[in-house]
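Have the structure open as you read.

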Amino acid sequence: MSRKSLLTNRARLTHKVGYALRHPAQITPYVKRTARDTWLRLKHPGHVAYYRAVMASDTARNPEAAVGSRSHERWLALGEMQFAYLTEHGLKPGHRMLDIGCGNLRAGWRFIAYLDTGNYYGIDISPDILISAKRTLTTYELQDKLPHLTITQDLKLDFLPSAHFDVVHAHSVFSHSPLDVIDECLAHVGRILAPGGFFDFTFDRTEGAEHQVLREDFYYRTETLLGLARKHGLEARFMDDWEKLPHGQSKIRVSNPA
């Protein structure tokens, strides 16, 4: 990502006007999205209920687009990128993995195929996208791998066993989450991590003012999230090599102290 991009405040009117002038074809979709989000904010003041409604709306149109893939080819490529990175950075077939915000198994079907039977746990706040996840599971004939797919209301993770997961993964979750949701997750993830386990998450990074666009996209400084993890007694580090991949988000890895 360029320095200019990292300093951009996408919530500012000047940025919106400039973007509209450069991309006039995006004006109508943005206006429609703004109108939809205004209605959903009024109907669902809480963030989880709001974003669940966003996912229901997006999934009804296109489940792959709902998880941020503009084409099936991009859906496959992003899933492969996540899978390759984790298998190159510690994920083993015998590990137990929790995939937070598993979506319609863009990367999850690859994890399920790779991991030992019963070792994949996927959670999401959206029942609509989990229905699509089950279709993906059937498409790739992975029923015999016995994955666990569960809806959740929050990220307290209180229904999961302690010291159980070797790998916890959250791709494009914190990029759509206010800080209190991220704080909630980091406050509880240490309990479910097995000794030596780690939690990888992506986020939209800014080096300027932290901001949000509508209530869907949140931009954070790296120091903010590193500090939040350390506040909860976790070790945290920025994953520099993820930046070399063709993806617009950044990545942090946290773990319990040795």
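Predicted model: local features only at pLDDT ≥ 70, side-chain atom pairs only at ≥ 80, totals over all residues.

Residues are numbered from 1 along each chain as its sequence is written, and side-chain values use heavy atoms, with hydrogens and water left out.

**Nonpolar cores**
- A nonpolar core here is a set of buried Ala, Val, Leu, Ile, Met, Phe, Trp, Tyr and Cys residues joined through side-chain atoms within 4.5 Å, where buried means under 20% relative accessible area (1.4 Å probe, protein chains only).
- The largest such core has 33 residues, and L98, I100, F199 and F201 have the most contacts inside it.
- Helix α9 (residues 179-192) gives the most to this core, with six residues; helices are DSSP runs of H or I with at least four residues, numbered from the N terminus.
- Leaving aside neighbours within four places in sequence, L98 is in contact (heavy atoms within 4.5 Å) with residues including Y121, I123, F165 and I192.
- Another core, of 30 residues, lies apart from the largest one, and Y50, V67, W109 and L137 are among its residues.

**Helices α9 and α10**
- α9 packs against helix α10 (residues 222-231) at an angle of about 40°, with the axes 9 Å apart; axes are lines fitted to C-alpha atoms over the stretch in contact, and angles run from 0 to 180 degrees between N-to-C directions.
- L179, I182, D183 and L186 in α9 meet T224, L225, L228, A229 and K231 in α10.

Technical notes:
Buried < 20%, exposed > 50% of the residue type's maximum accessible area, 1.4 Å probe, protein only. Helix = DSSP H or I, 4+ residues; strand = E, 2+ residues; numbered from the N terminus.
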